[in-house]
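Dear colleague,

I am passing on a structure for you to look through, and below it I have set out what was found. Please keep the model open as you read.

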Amino acid sequence: KTVFLLKLLDWIKENNCTHVAMESTSVYWKPIVNLLESEGIEFLVVNAQHMKALPGRKTDVKDAEWIAKLLRHGLLKASFIPNRTQRELRELVRYRRSIIEERARQHNRIQKVLEGANIKLGSVVSDIMGVSSKDMLRAIADGEDNPEKLASFARRTMKKKKEELELALQGYVNPHQRLMLKTILTHIDFLTEQIEMLDQEIAQRVNAYEEDIVRLDSIPGIARRMAEQILAEIGTDVKGQFPTAAHLCSWAALVPGHNE
């Protein structure tokens with residue numbers, strides 16, 4: 001609870017502690033770091049494995065004494081903890097990523113529902129959630145089952161495939177599948193709204209780093225969203241945080257382990 005963390009903060013101040021070190025276990029360090037950061041106290045969040053060199057320290061108190069001893073001798077190597085602004089950006093970007101993944105799962109679910117209704121739309125259109133196919137799906141969900149009428153929703157180049165569409169859209173859609181389609185499409189629309197809202201918020205926050213975004217975007221295979229994600233994860237002061245490229249790769253978990 002925050003009230004006890006505030007007591008801890010008072011105790012740290014009373015004892016004139018300038019530095020605080022703690023293990024980077026799960027997310028337990030986050031509330032403490034938030035308070036220390038707000039008070040301008042130096043903190044080190046350290047990998048627990050780096051400190052577990054000696055046997056016999058079975059209690060939390062002995063553990064804390066050992067960490068304090070290592071800190072006094074300057075033997076602790078702090079993990080990279082981004083500042084609050086970057087942590088917030090990182091949280092937004094990660095959340096956007098999870099919503100995009102959720103939307104992709106819903107797209108796959110639509111494909112399953114269509115397979116169950118003997119509709120082979122995916123074999124004709126390249127994107128099941130394209131403008132034309134979305135209109136067709138909404139019409140199916142609303143009760144339309146005439147393949148000719150459904151195929152008439154085709155736009156632009158899709159019109160050339162009208163005969164193929166008519167064959168693909170001939171199926172057996174029952175009320176259950178219509179309900180499923182309607183529910184999934186509504187959920188996809190909601191997720192798309194959330195993604196667009198997060199896109200705007202993230203764009204506003206990375207506005208000051210437009211030059212860095214453009215440079216990252218110029219890498220083949222890296223689009224703007226991925227550039228924003230890279231920036232959110234590693235920040236702009238790469239040289240200050242990571243001595244070499246190998247350090248950055250290791251921190252980003254892109255290096256295979258050397259476990260026997």
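You might begin with Arg156, which lies in the loop between α6 and α7; helices here are DSSP runs of H or I with at least four residues, strands are runs of E with at least two, and both are numbered from the N terminus. The phi of Arg156 is near 45 degrees, a positive value in a residue other than glycine, and at 74% relative accessibility Arg156 counts as exposed, where exposed means over 50% relative accessible area, buried under 20% and partly exposed in between, with a 1.4 Å probe and protein chains only.

Some notes on how to read this: the model is predicted, so local features need pLDDT of at least 70 and side-chain atom pairs count only at pLDDT 80 or more, while totals for chains, interfaces and linings use all residues. Residues are numbered from 1 along each chain as its sequence is written, and side-chain values use heavy atoms, with hydrogens and water left out.

The C-alpha trace spans about 80 × 45 × 40 Å along its principal axes, and buried residues make up 34% of the 260 residues.

The largest nonpolar core has 26 residues, of which Ile110, Leu114, Leu121, Leu137, Leu165, Leu169 and Leu181 touch the most other members; such a core is a set of buried Ala, Val, Leu, Ile, Met, Phe, Trp, Tyr and Cys residues joined through side-chain atoms within 4.5 Å. At least two residues of this core come from each of α4 (84–116), α5 (131–141), α6 (147–151), α7 (162–168) and α8 (175–205), and α5 gives the most, with 5 residues. A second, separate core of 16 residues includes Ile100, Leu198, Ala227 and Ala232.

The buried residues of α5 pack against α4, α6, α7 and α8, with contact meaning heavy atoms within 4.5 Å. Just after α5, Gly143 takes a positive phi of about 110 degrees.

Finally, in helix α3, Asp63, Trp66, Ile67 and Leu70 are buried. These residues cover an arc of only 100 degrees around the axis, which puts them on the same side of α3, the arc being that of the directions from the helix axis to the C-beta atoms. On the other side of α3, Val61, Glu65 and Arg72 are exposed, while the buried residues pack against β1 (19–23). After α3 comes Gly74, whose phi is positive, near 65 degrees.

With best wishes
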